[in-house]
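Subject: Structure for you to look through

Dear colleague,

Here is the structure I promised to pass on to you, and I would be glad if you kept it open while you read. My notes on it follow below.

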Amino acid sequence: MLAYAFRRTLQSFPTVAAVALVVFVLFSVIPGSIATSMSDDGRGAMDAEVVQRMRKELGLDDPVYVRFAKYVGNLAVLDLGTSFRSREPVSQLLAKRMWPTMQLVLAAMGFAIVIGVPLGFVAAMRPGGVIDAVSMVTAVSGLSIAKFWFGLLLMYLFALKLGWFPTFGYGGWWYLVLPAVTLGVSPLALLARTTRAAALEVTNADFVRTARSKGMSEARVVRWHVVRNVAVIVLTTLGLQFGSLMGQAVVVEKLFSWPGIGSLLVDSVFQRDIPAVQGCILLIVLFFLVVNTLVDIACAVIDPRIKYT
Amino acid sequence: MADEAGQSHLGLHLPLNREGRIAEGDPGRDREPRDLTLSRSAARTDPGSGPGQALPLSAGGEGAQSSNAIAQADEAALLEVKDLVVEFQIAGPFLGIGGGTRVLHAVSGVDLTVRAGECLGLVGESGCGKTTVALSILGLVPATRGAITIDGMEIGSRGSIDRRRLARTVQMVFQDPYASLNPRQTVRRTLVDPLRLHGTTNAGEIEDRMADMLRRVGLTGDHADRYPHEFSGGQRQRIGIARALILRPKLVLCDEPVSALDVSIRAQIINLLLELKESLGLSYIMISHDLGVVEHMSDRVAVMYLGRIVETGDWRAIFERPGHPYTRGLIAAIPDVFAPAGVAADKVRGEIPSPFDPPAGCAFHPRCPIAVDQCRAPPGPELRRLGTAHEVSCWRAS
Amino acid sequence: MTLLAVEDLRIDLTAGGISHAAVDSVSFEIARGETFGLVGESGCGKTITALAVMGLLPQPLAIGGGKVRFDGRAIESLDADEMRRLRGKRLAMIFQEPMTALNPLLPVGRQIAEMFILHEGASWRDAERRAVEMLARVRVSAPERRARDYPHQLSGGMRQRVMIAIALACSPDLLIADEPTTALDVTVQSEMVDLMRDLCVANGTAILMISHDLGLVGSMCRTVGVMYAGRLVEVRSSADVFKSAAHPYTRGLVASLPRLGSRAAIGQQRLQEISGVVPSIADFPPGCRFHPRCDRLTDVCRTVAPGVTALAGNGRVRCHHHG
Amino acid sequence: MKLGANILIGGALFLVAVLAGVFAPWIAHTDPVMDANLMVAEEPPSREFWFGTDAQGRDIYSRVLYGARISLTVGIFAQLVNTLIGTALGLSAGYWGGWWDDFVTGLTNLLLAIPSLIFALAIMAILGPGLTSLLIALGLTNWSFTCRLARASALSLKSQGYVQASKVLGYGDLRIMLTQLLPNMLGPLIVIGTLGMGGTILAEAALSFLGLGIRPPYPSWGSMLSEARDQITTAPWLSVFPGLAIFLTVLGLNLLGDGLRDILDPQSRSRRL
């Protein structure tokens with residue numbers, strides 16, 4: 001098992017390197033990107049002197065390979081450069097904001113799993129029943145709703161009107177409720193649909209028919225044979241869903257002014273704070289890859305076939 | 001999710017099952033229990049009693065048939081396969097990082113010849129390489145070593161293949177009628193496109209050749225504008241045969257052409273194939289795991305085991321005086337209501353070894369009822385003469 | 001002392017409001033320890049007849065009439081729990097696809113051990129031990145190691161042995177085998193057939209063998225029932241089926257296929273064909289369902305479904321012009 | 001072909017959105033950008049202003065109609081680009097295999113590693129706001145699912161008899177891909193394309209909400225919601241209608257996608273995507 005875990009982790013390193021390269025190309029190599037976005041971004045052109053200082057500081061005038069070498073060198077020692085706006089090292093900036101984002105994402109995912117998976121499973125046990133119809137309608141609606149609009153409605157109803165939760169800000173668990181529910185609604189919908197489809201497929205599989213022919217009660221058939229197989233199928237799609245979750249987190253954090261990496265990313269983009277933007281993207285991707293690797297390893301624990309292929 | 005097990009890195013995706021064995025023509029893997037194989041019965045012991053009296057096929061009866069095949073022996077063979085070796089490098093998991101690359105020995109040194117107007121039966125179980133040999137002849141699978149010449153054209157491991165000329169020389173009929181026709185194409189397009197591709201432009205001629213071919217396979221003109229889902233399994237197989245013959249090839253490879261069909265219509269396709277062989281002067285390689293079908297259709301037979309030919313010869317020699325223990329095992333394995341006691345001794349035991357590491361010496365020794373030490377030690381036996389037009393690769397064959 | 005009596009069984013397939021008789025007035029009996037074969041092409045209803053006996057008919061199918069008596073008790077009247085207790089203990093089944101018939105996430109030993117826990121209340125440890133014994137009885141080499149293997153690590157033949165071990169774990173009275181060897185190679189198939197027969201004879205277990213291979217069923221079973229389009233058209237001893245088949249369909253099947261040795265005897269004769277196509281359930285023809293393809297067709301065949309006529313050697317046939 | 005409820009409802013919703021977008025100039029009451037009349041700012045929905053007015057006194061109803069134009073243009077064209085790229089890469093990778101398959105698979109995994117909204121956000125940051133940069137950002141970052149589906153289909157189809165037969169008949173690779181493989185994988189591709197379109201519309205709304213997509217004063221549902229957020233206490237109705245428009249359009253597309261799946265590609269595993 002360990003060998004597989006080690007190999008799987010090893011395998012995600014090239015992806016990290018590739019992402020770092022893409023980020024470097026996006027923000028430092030494309031000549032136009034920095035200069036143009038700085039000078040004529042419609043918020044009042046910056047005067048030439050400030051542009052010149054930034055170019056100097058960014059070392060835009062050095063040849064590409066020099067800048068890339070410096071970039072990689074810094075990355076190796078986790079030095080993500082200094083933020084234009086706050087003059088702080090980016091890595092420090094990120095460290096402060098990492099935990100709130102992790103809290104939000106994990107809470108949202110927890111909420112989605114705790115409600116979505118059982119909902120999908122029960123719906124599959126009685127296909128065509130009331131629960132099946134209701135859960136599938138809520139699922140497709142959950143997929144179709146714009147997160148920030150849903151958040152806005154929740155904020156209006158539960159915060160402004162009922163006052164149960166704060167409209168925004170960061171503090172105890174009650175601050176976390178609305179943002180987590182907002183972020184969790186689409187993974188919940190996806191999980192419910194995935195679980196339902198997986199459960200339907202497994203209950204019609206040949207080995208479940210064999211289990212029944214052994215004289216097992218339906219409940220035991222489900223417990224001993226169906227649940228684990230459904231878990232494997234759901235788990236494999238869980239990894240991917242974390243990706244879209246990270247993307248949505250940016251919007252939800254901005255809506256609830258949640259002091260996480262997402263809102264930092266958006267603010268940095270507006271302030272043309274390139275090192276901070278690069279740092280945020282790299283961290284988000286790293287977080288996603290770590291989670292994905294853990295999910296794959298969890299899959300390998302449950303499903304013996306993965307270790308052997 | 002991990003990469004597909006045994007996914008080979010070559011142009012063609014070979015359906016490998018978990019153990020890396022090529023699930024080619026594997027008797028039942030993709031075949032629903034739709035057919036009723038009658039593999040062997042009373043005739044073996046008391047010949048004349050079969051209830052139905054079949055009509056004589058060729059006027060000359062059995063004798064004449066095989067003699068003219070031998071008379072053409074001196075002509076250059078239509079197909080010549082010399083020491084064909086096909087091996088696949090199967091990358092380990094994670095694109096070879098961490099996992100070792102394993103070598104799959106699909107075909108390990110096969111020699112074959114097919115003369116004009118002859119039907120060569122290729123018999124063997126899953127993993128023996130019979131479909132890989134066929135695919136190599138069609139140029140769909142690159143040969144690792146060895147030479148294949150068809151009608152003077154070289155398709156060895158080197159050099160590019162003149163696809164167009166090859167298409168006019170050798171064609172193939174596939175096993176599963178439900179996967180051998182493009183569901184989105186009418187019968188007309190399936191037959192007409194190849195003609196246009198190969199230069200027939202005159203619309204009248206195209207229409208005539210299509211109608212003629214449909215008639216030959218027992219269908220009519222008004223089937224032309226229908227889609228595959230409107231046909232039964234047997235009819236689809238007929239369309240597959242029509243497509244294989246539309247370019248007037250000399251050699252047709254039939255990969256288990258009847259094993260996926262309902263039994264009661266199997267005889268229709270067997271008779272059709274034999275009639276077309278006569279009327280169009282075709283040569284066949286008939287690949288099957290069903291000895292009854294192979295005996296009925298073949299002039300010569302080659303028995304394959306784990307990538308090698310273990311016995312080859314005239315059909316009468318193979319089925320009446322089988323030399324190799326594996327051939328005897330295949331014959332003994334056919335369930336028979338009146339199985340004579342003697343046959344039980346020939347039964348073959350154990351599992352088919354994996355083609356990733358074939359056993360040393362004679363590859364059959366782990367399952368052979370008469371294996372001795374000599375059989376276990378490399379090198380394995382070579383094909384040697386056992387009688388007129390009868391060769392066997394076994395130290396102990398008599 | 002018949003173990004299983006199927007009397008005039010009808011199984012309906014209801015699709016889109018209309019229901020068709022996928023299986024119609026099928027009757028046969030299996031005595032204790034007897035081997036009975038059910039042969040037929042795709043869609044003839046042999047598999048769903050077996051599933052009806054096991055009480056495992058999947059949705060659109062349901063028993064529409066007739067009786068299935070196992071050891072004297074009509075199973076349709078049993079409630080789910082009583083039926084469930086029969087399955088695995090008194091009545092076992094093997095399926096065709098060894099690749100998918102086992103749970104991919106559990107070791108095979110565990111899947112055999114389940115039987116002892118379910119039916120004999122054994123402890124896990126005891127059950128695992130007996131599972132290894134069962135593996136040895138189905139002639140699996142190195143049973144201790146194999147018991148810990150997962151299904152994807154075993155070959156098709158090996159997996160079918162595990163299925164046999166599961167089915168015979170609690171030595172049931174009747175083993176139903178639905179195309180058990182179709183997905184296997186010829187040599188592996190013959191070994192599997194011998195294994196099944198030896199174990200069942202040792203336990204006195206009766207076998208209901210279902211297959212499309214007339215030769216296989218003929219060699220393994222004493223009596224053979226031939227089904228066509230949902231009806232049992234002929235029941236004979238296996239020798240009689242080949243020697244003197246009475247029904248045109250059976251006769252056609254026996255004659256239409258090239259049999260080993262026939263070419264030496266009668267030359268490369270043109271095989272006798274059965275014309276037409278196997279009908280699907282929706283369009284079973286009226287009267288005798290084989291009439292569109294029969295060479296002895298008369299008017300009565302088109303309208304009147306033939307009754308059962310007794311034959312010598314307690315055979316039976318459904319045909320107006322049999323013999 | 002019995003059309004399921006999904007297709008009917010979904011199709012109807014999507015059709016309404018399309019019609020609203022196409023006929024916006026004729027059925028809108030005012031010009032969405034110019035007619036700002038501070039006198040009637042922040043009016044609740046009334047007979048005159050069906051959806052009420054915003055802080056600058058612009059008619060929300062007209063802006064929602066014009067907003068449909070932008071969202072659908074982005075949704076349809078960006079998804080078209082996604083589908084084309086994904087199909088081309090996936091089909092060729094699945095068919096040819098070898099180093100090209102490894103390269104495309106690597107590229108897809110790389111793209112999946114970067115959440116698409118973040119990648120789009122980064123591109124928008126560089127290209128600056130506007131419709132064309134939106135099309136580029138959302139058109140180039142969402143093709144990985146289509147690519148994986150096309151590759152999987154190509155892999156499974158190419159071992160089918162009719163594909164091998166066309167090789168043996170001398171067909172060229174390109175002709176085989178276009179006439180034998182593509183027609184037989186259209187079903188699942190249309191399904192994933194329809195579902196993807198809903199996702200792209202949501203992404204555009206999100207980017208515009210963040211101020212990186214369509215910038216005010218141009219009416220995009222996302223940017224309208226962004227403005228509505230500031231007046232949530234004083235004029236809550238501002239956020240209801242644009243949000244509802246997004247919801248109903250995307251719901252329509254998702255229902256349409258599910259319905260098409262049941263007809264075009266019933267037993268597919270992509271059901272779980």
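Before the helix packing can be read, one term is needed: an axis is a line fitted to C-alpha atoms, for helices over the stretch in contact, and the angle between two axes is taken between their N-to-C directions, from 0 to 180 degrees. Please also keep in mind throughout that this is a predicted model.

With that in hand, consider chain A, where helix H5 (residues 90-125) and helix H8 (residues 173-203) pack at an angle of about 35°, their axes lying 5 Å apart. H5(A) passes H8(A) in a right-handed crossing, and the contact of H5(A) with H8(A) is made up of 24 nonpolar, seven polar and two charged residues.

Chain A also meets chain D: 42 residues of chain A are in contact with 37 residues of chain D. On the chain A side, at least two residues each come from several helices, among them H8, helix H1 (2-29) and helix H12 (274-302), while the largest share, 10 residues, is supplied by H10(A). Sorted by class, the residues on this side of chain A are 28 nonpolar, 11 polar and three charged.

Chain B has 11 helices and 12 strands, and 51% of its 398 residues count as buried. Of the contacts in chain B with a separation of 6 or more, 66% are between residues 24 or more positions apart.

How far can chain B be trusted in detail? Its mean pLDDT is 78, and 76% of its residues reach 70 or more, but over residues 1-74 of chain B the pLDDT stays under 50, although the model has 190 contacts beyond four places in sequence for that stretch. Where pLDDT is low, the predicted coordinates should not be read in detail.

S3(B) pairs in the parallel sense with strand S8 (residues 283-288) of chain B over five bridges, and Gly121(B) has Met286(B) as its bridge partner in S8(B). Four bridges also join S3(B) to strand S9 (residues 300-305) of chain B, again running parallel, and here Leu122(B) stands opposite Ala302(B).

Elsewhere in chain B, four strands form an open antiparallel sheet in the order S2-S1-S4-S5. Why is one side of strand S2 (102-114) and of strand S5 (153-154) of chain B left without a neighbour in the sheet? Each of these two strands stands at an edge and has a single partner strand, so one of its sides has no neighbour there. Strand S1 (residues 79-90) of chain B and S2(B) pair in the antiparallel sense over 10 bridges, with Leu79(B) partnered by Val114(B). Helix H2 (residues 130-137) of chain B lies across S1, S2 and strand S4 (145-150), running at about 110° to S1(B).

Chain C, finally, has four strands in an open antiparallel sheet in the order S2-S1-S4-S5, with S2 (18-31) and S5 (73-74) of chain C as the edge strands. Strand S1 (residues 2-15) of chain C and S2(C) pair in the antiparallel sense over 10 bridges, and Leu9(C) has Val26(C) as its bridge partner. Helix H1 (residues 46-54) of chain C lies across S1, S2 and strand S4 (61-70), running at about 115° to S1(C).

With best wishes

Notes: Residues numbered from 1 in each chain as written. Chains lettered and ligands numbered in written order. Predicted model: local features only at pLDDT ≥ 70, side-chain atom pairs only at ≥ 80, totals over all residues. Left-handed = near helix turned anticlockwise from the far one by under 90°. Nonpolar A, V, L, I, M, F, W, Y, C, P; charged D, E, K, R; others polar. Pairing = 2+ DSSP bridges. Contact = placed C-beta atoms within 7 Å. Buried ≥ 20, exposed ≤ 12 C-beta atoms within 10 Å, placed from the backbone. pLDDT = per-residue confidence, 0-100.
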